[in-house]
Amino acid sequence: MTTEPLDAVPVSAFAWVFRRLYMARGEIVAAAVFAAVAFLVLYPIGTVVYLTFVPNELSGVFGTIPWYRAFSEPGMLQSVLNTIYVVVAVQVISMPLSVGISWFLARTDLPGARMIEFCFWIMFFLPSMGVMTGWLLLFDPDFGLFNQWLIDAGLIKASIFNLYSFWGIVFVHLTTYGISVKVMLLTPAFRNLDSSVEEASFLCGANRWRTLIRIVLPLMTPAMLVVLLMSIIRGLETFEIEQVLGTPIKFQVYSTKLYLLMANSPPEFRAAGTLGTAVLAMVLPLIVLQRWASTRRSFAVVGGRGGNARIRLGRWRWPAFIAMAGGVAFMSLLPFLMLVAGSFMKLFGFFDLPQVWTFDHWATALADITFIASLRNMLYLGFGTAFLAVGIYALVAYCAVRAKSRLRGAIDMVTWLPYTVPGIVLSFGYLNMALQVPIFALLYGTVGALILVSFLASMPLGVQVIKVNMLQMGTEIEEAGRIVGGGWTRTFRRIILPIGSPTLAVVGIMVFASTIRSVSSIMLLSTGANRVLSVLQLEFLSGGSLGPAAVVGTVIVLISLAAAIVVRLVSSRFGIQARG
Amino acid sequence: MIMNDVVSRLWRAMPVAVLMLVAMAGAASAQASWQAEWDKTVAAAKTEGKVVVGMSPSTVRRDFLLKQWKQDYPEIELSLSIISSSGFVPQVTTERAAGKYLWDIWHSGPNFEVIKAGLLDPLQPEMILPDVKDPALWGGWDDAFYDDGKQLEMGLVNDLESPYYNAAVIAPERAKAEGLKVMLDPAYKGKIVWFDPRVTGPGEPFLSLFAHVFGDEGLKKLVVDQDPVFVGNMNDAAQAIVRGKAVIAVAGKPQSNLADYTQAGVKIDVRPFGATPETAYRGTDGAALGVFTKRPHPNATRVFVNWIMSKRIAALMSVAVQYDSRRKDVRPLDPNFTMLPGAFYIDAQRAENHAREYMEKVREMRPQ
């Protein structure tokens, strides 16, 4: 019996192919993920972009071109400038504040940090319209209670706070999503930081401030860039605040102009699509920049040692707590209480009525013939989307960060795209996809179609947040997993997911909360059969039933809060919050 | 002699009697005919089991329809979707391009895009019940239908709308004497609140009325010189009046907009400028009716059409939603605020009144 060298053993073609495939499995998985994500994202966006080049039926030589139509809308330039002013003002104020707050919450021994952090979750869950109405009650120039108190106390002679102003608009942005979403996302990122990095800095003689500026913040670059970019894009899209506070003072922004086009009869989808596409074009370079800045060097802060010591605030501990707790109570608990109280008031903001309080709105809303079915649909939608999102977003983010594939960057870029086109415009693209792709057409008219759309709409938020978390993980963790014999799936399942679980929990709850209150993306796919509570709320609002609308809004917030509390309890029960 | 007289009279009355008998037989036959058709349609509708309706936002009307229908036809499910009239047409045309024909009934404001897209069938062939198909009860088909061919979209509601004012600030006598011209008084500059007329909605139809009353120059004066405050919803308009920030409101009807406030005990005397053609326009309250082509439930559609147009439902719905029915045999809610007989009113939702063009002009006059 003779022996032959191994590579000289003839192998079958099948075995050869199998071996090659096995060796290239990372590339294959990345390619499959990219293909699936690109299809799901580019189909609806492509539909919208395509329509912007289809002439419409308006008369005139250039009137047929949607791009001309959109940008010849009266006052468009001023509206774009107004948008830039608001976005810049909000980001300049909110970014340093949020970074500071997150650092305090995650890196110091501030008392009640978990509770304060949870209050920022509450801020995120509160509907911007509800919060704005609450602030109007306090800061309206004519009947605002705060102005009245100051006048009655003799401190001022005329109202000094006016929410119907540029700074009023900025203030409402800050107290709705401007700060809360940043703190929600940055705090876990700061918490992931291995404290040995700071300790090394202290040993080298740097003080806390210098350590923060020279060591901690540079390590947080990917997280801060992602959060900043998300906030800027979101700032370009939101329109409720400017619609209510800006319209009476003739302050239109880009998104309110887009709304005007969409609200036309017939709706000018194509012209509105051009505005959406213009944002896409403007944001793309920022996405590329963000990608470059996040990947040009290692930002790993989660290593094998896992030091988690907190900086002692010493005598500043309680003053810092009072300032932080007071601020967050003002921005979260006060609007929350006003929202709940408003649902029990006969007329919101009228305290001089013969009977101020009532259960009538709750009775009307809960007895609504569609309430129970809408609630059930909403829970299916929220939980369905959240569960689907957490699993798949993690895989997509992993491929965008770790896959040994040239498609890594492309995956990252493409997941940003659903965020860059306003939901109200993209909804038409989603509608086309849901109807024209056979497998999705089966879901049309069901909650399944809404889950699909909500999954896509939340993808940028979810994937980017998980991606940042993965960028913070050192590759040595995975290498250790492989050394002890784990394949990439096992490493992903047994090491990456557990370490990233605090972030996954945050993503899950954010997706859940965003999904159950969202209307714009799912509006065109909503029918009587799959109506959810947010759509019912819109129906109440459109029909002028403000009390029942407030009740439905309150129910949505309470369900979000309940889900958040459960997530936190479950997380701590299973030790997930060790870092998170 | 007497006998002859009786026979002679009977003989003379014979033709009349015969005619009466024929007429009665004809009527009985006609009744038998529509009744048979109706029974057959209802039976077939029950087999279909469902009717799908897209309607404009009104929770009060939605609740009424759902409850009343369930009471009357428990075997047929009523699937009601609140639709945005601007987004609905692209939605349905996209569905149809994908081979999905899901809708039976259009029950929203008159919408010319629905007609232009060829989505509606003639309504009259769906009418079976005699009182439903009597044009006299609806003021004639020319008046009832909003499309050029007078067959596709029919208004069910007489919605007479006038701007309203705070009577504690503007004397009712003056409002009565001067009508809408009061709105051009410089004293009320910045004191007029208006549901944003640059957006399709309840503020926009007033443009046709103002253009009709003031002319183009007057409209410009109102929009630019008087600097009205545009708001995004009805409640902001009502609240501006209640809080004293505005004196005149151009946004729907005061009795419905301010109902929550007055019922809660807010003391305010708010009145519409009037029900004359110079102070009010006529609309449909988003309650026009049409049937879709290639509808999936044709029999249930017929039942719904006849049901919602019947006198009983028209009367009940009028009370429930607080808008007058167009049916002449249904009593108006407020006899003092109805259309003057024979007068011409601007029907702002008819194409010939150019509300859309005025909207474009206002966008240019007030770009921010």
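Colleague: Within what distance do the axes of α12(A) and helix α15 of chain A come, and at roughly what angle do they cross?

Modeller: Two packed helices are described by the angle between their axes and the distance between the axes. Here the axes of α12(A) and α15 (residues 269-295) of chain A come within 9 Å and cross at roughly 175 degrees, where axes are lines fitted to C-alpha atoms, for helices over the stretch in contact, and angles run from 0 to 180 degrees between N-to-C directions. That makes α12(A) roughly antiparallel to α15(A), since angles over 145 degrees count as roughly antiparallel, under 35 as roughly parallel, 65 to 115 as roughly perpendicular and the rest as oblique. Before going on, note that this is a predicted model, in which local features need pLDDT of at least 70 and side-chain atom pairs count only at pLDDT 80 or more, while totals for chains, interfaces and linings use all residues. Residues are numbered from 1 along each chain as its sequence is written, chains are lettered from A and ligands numbered from 1 in the order in which they are written, and side-chain values use heavy atoms, with hydrogens and water left out.

Colleague: Which residues make the contact of α12(A) with α15(A)?

Modeller: Contact means heavy atoms within 4.5 Å. On the α12(A) side the residues include Leu225(A), Leu229(A) and Ile233(A), and on the α15(A) side they include Val283(A), Leu286(A) and Gln290(A). By class, the contact has 11 nonpolar, two polar and no charged residues, with Ala, Val, Leu, Ile, Met, Phe, Trp, Tyr, Cys and Pro counted as nonpolar, Asp, Glu, Lys and Arg as charged, and the others, Gly among them, as polar.

Colleague: At what angle do helices α2 and α18 of chain A pack?

Modeller: Helix α2 (residues 25-51) and helix α18 (residues 371-402) of chain A pack at about 120 degrees, with their axes 10 Å apart, and α2(A) and α18(A) are therefore oblique to each other. Their contact includes Val33(A) of α2(A) and Leu395(A) of α18(A), and it has seven nonpolar, no polar and no charged residues.

Colleague: Which way do α7(B) and α13(B) run relative to each other, parallel or antiparallel?

Modeller: Helix α7 (residues 206-225) and helix α13 (residues 355-365) of chain B pack at about 10 degrees, with their axes 11 Å apart, and are therefore roughly parallel. Their contact has 10 nonpolar, one polar and three charged residues.

How values were computed:
Helix = DSSP H or I, 4+ residues; strand = E, 2+ residues; numbered from the N terminus.
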